[in-house]
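Below is what I looked up, in the order I went through it.

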Amino acid sequence: MWQPVLMICGYFISVLGIAMLFPAGLDMYYTKTNWSIFLSSSIVTMFIGLSLFLANRGKIKEISIQQAYLLTVLSWVSVMLLAALPFKFYGTPWADAIFEAASGVSTTGASIYADVEALPKAILLWRALLSGMGGVGIVIFAIAMLPFLGIGGMQIFQRENSDVNEKFMPKISYIAKRIIGVYVVLMVICAISLKSAGMPWFDAVCHTLTTISTGGFSTKNNSIGFFNSATIEWLVTLFMFLGAIPLTLYHSLLATKDVHSLRSSQVSAFVKILAIYITVMTTWLVYNGVYEPFEALRYAAFNIVSVVTSTGYNSANWLNWGAFAATAFVIFALTGGCTGSTSGGIKIFRWQIVLAQLKRAFVMTTEPNRLLPLKVDGISISHSVAGSIFVFFIAYAFSVAIIASLVAISGVDFATAFSATIACITNSGPGNTQIIGPAGSYESLSDYVKFLLSFTMILGRLEVLTVLVLFTKSFWR
């Protein structure tokens with residue numbers, strides 16, 4: 001059971017070790033002061049990765065569901081722990097280093113560094129690289145593995161992706177090539193656009209890595225607000241949106257020109273929801289005299305898209321917009337982007353199924369003998385899928401309640417505990433209190449809370465059930 005799991009984990013770890021050489025090279029070019037941190041981390045990481053890969057090397061034709069769960073969780077946890085090495089060797093405490101690494105690979109964007117502008121460029125690039133790798137990694141996972149595992153209704157996308165158990169490695173290879181191709185093209189366009197808008201090349205590259213991946217790590221303390229540029233904000237808004245769309249949809253549209261699929265119906269729903277959110281918030285800001293109409297639209301659009309797509313950038317401190325805005329941003333975080341994208345949150349397709357189920361329930365209440373199938377945009381949804389959605393929501397709600405309580409036990413006030421839990425499990429980054437909000441950081445929290453929230457970020461990134469199933473007796477029988 002363990003051989004294919006450890007082999008593939010070793011492969012991922014080895015790739016991580018190679019990636020550490022890029023910040024080392026950057027530092028050699030600029031300051032020649034921190035390159036050894038990354039070189040040492042790379043040597044340790046590649047030794048572990050290659051050892052696991054070579055010791056368990058073999059041809060993988062099939063993979064069981066149990067192995068798929070183990071592979072998914074162990075890959076993310078091992079990469080997170082080893083990705084923390086450069087932060088630790090730089091002088092960051094272990095709890096902080098693991099938190100920052102977890103935030104990067106899960107594309108959450110929450111940070112323990114209150115002053116990121118004081119960090120060396122090599123560390124800033126490493127944070128961005130972690131988000132970039134985590135973004136493309138989670139898309140491959142969502143497209144290739146989640147339908148196979150049937151997590152929270154993901155099996156409805158199995159018709160668009162062949163069974164993982166049938167031809168695992170060829171499928172992963174095929175999907176990876178498609179996704180990476182689209183990912184790289186979007187990044188190149190984004191980087192050139194940001195540079196043309198006035199960003200220095202280094203900032204443009206770092207922000208590109210954390211925009212397309214909807215990761216949210218910035219090179220500036222005030223995030224995108226530092227640049228005070230409407231052009232940059234609208235460009236970043238556009239590319240955050242593009243990152244929250246299923247990456248396979250781009251390939252499908254170019255290859256088949258077929259726009260009639262469940263993935264494209266998600267995008268349509270996603271656009272409508274964003275339009276409603278932005279219109280309501282813009283109206284609120286204008287009505288309360290916070291901004292003039294065009295400024296209200298600019299700030300509302302940027303910050304709402306940032307939170308809904310779970311990116312975590314900010315161009316203004318939306319906690320200062322009033323209690324309604326602060327509450328609304330919790331709803332925005334829970335919404336999420338599309339499945340098969342780099343974004344976090346609950347995801348649009350799950351909300352589509354919930355609304356369809358509610359609509360069906362209302363009709364059945366008044367017409368109990370009517371046979372009414374469950375459909376989303378004309379596509380029938382089975383009872384097993386609807387059931388898995390229900391289980392997902394229950395698990396999600398229980399996870400939020402338990403983790404928020406565990407955070408509050410440490411002495412953190414309930415508002416901060418609840419907000420931090422929502423921000424981490426949805427991978428949206430900033431919380432809804434001043435301590436951990438858009439203008440704050442997670443630095444002041446205890447080590448216990450940082451470890452707990454690091455787990456929460458991975459839990460949310462892997463769709464909750466993927467992790468929780470490992471804690472059941474039946475899984476290990």
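These are my entries, starting with the whole protein and ending with single residues.

**Ground rules**

I'm working with a predicted model, where local features need pLDDT of at least 70, side-chain atom pairs count only at pLDDT 80 or more, and totals for chains, interfaces and linings use all residues. I number residues from 1 along each chain as its sequence is written, and side-chain values use heavy atoms, with hydrogens and water left out.

**Whole protein**

I began with the secondary structure and found 20 helices and 2 strands. Helices here are DSSP runs of H or I with at least four residues, strands are runs of E with at least two, and the numbering starts at the N terminus.

Next I looked up the radius of gyration, which is taken over C-alpha atoms. For this protein the value is 22 Å, close to the 23 Å from the globule rule for 477 residues, so the protein is as compact as a globular protein of that length. The rule itself is 2.2 Å times the number of residues to the power 0.38. Along the principal axes, I get a box of roughly 75 × 65 × 50 Å for the C-alpha atoms.

How many of the residues count as buried? I noted 59% of the 477. Buried means under 20% relative accessible area, exposed means over 50%, and partly exposed is in between (1.4 Å probe, protein chains only).

Then I checked contacts, meaning heavy atoms within 4.5 Å. Among contacts with a separation of 6 or more, 72% come from residues 24 or more positions apart.

The accessible surface is about 19600 Å², and carbon and sulfur atoms hold 68% of that. The areas come from the Shrake-Rupley method with a 1.4 Å probe, and for residues only the protein chains shown count as cover.

I also looked at charges: there are 28 positive and 20 negative ones, and their mean positions are 11 Å apart. Lys and Arg count as positive, Asp and Glu as negative, while His and the chain ends are not counted. Each charge is placed at NZ of Lys, CZ of Arg, CG of Asp or CD of Glu.

**Salt bridges**

Searching the whole structure gave me 6 salt bridges. The term needs a side-chain nitrogen of Lys or Arg within 4 Å of a carboxyl oxygen of Asp or Glu.

I zoomed in on Lys450 and Asp96, whose closest N and O atoms are 2.7 Å apart. Lys450 is in helix H19 (residues 447-461) and Asp96 in helix H6 (residues 94-105), so this bridge ties together parts 354 residues apart in sequence. Is Lys450 buried or exposed? Lys450 is buried, at a relative accessible area of 3%, and Asp96 is buried too, at 8%. Beyond residues up to four places away in sequence, I listed what Lys450 touches, including Ala95, Phe99, Ile112 and Tyr442.

Next came Arg127 and Glu100, which form a salt bridge at 2.9 Å, N to O. Arg127 sits in helix H7 (residues 121-144) and Glu100 in helix H6, so the two tie together parts 27 residues apart in sequence. Both of these residues are buried.

Glu463 is in the loop between H19 and helix H20 (465-468), and Lys347 is in the loop between helix H15 (323-335) and helix H16 (348-366), 116 residues apart. Shared partners join Lys347, Arg350 and Glu463 into one salt-bridge network. Glu463 is buried at 4% relative accessibility, and Lys347 is buried at 4%.

**Single residues**

I found Leu82 in helix H4 (residues 65-83), buried at 11% relative accessibility. Skipping neighbours within four places, its contacts are Ile13, Leu16, Met20, Thr45 and Ile48.

Ser36 is in helix H3 (residues 35-55) and is partly exposed, at 34%.

Last, I checked two backbone angles. Ser223 isn't a glycine, yet its phi is positive, near 55°. Ser223 is in the loop between helix H10 (201-212) and helix H11 (230-243), buried at 5%. Ser310 isn't a glycine either, and its phi is about 65°. Ser310 is in the loop between helix H14 (293-308) and H15, buried at 1%.
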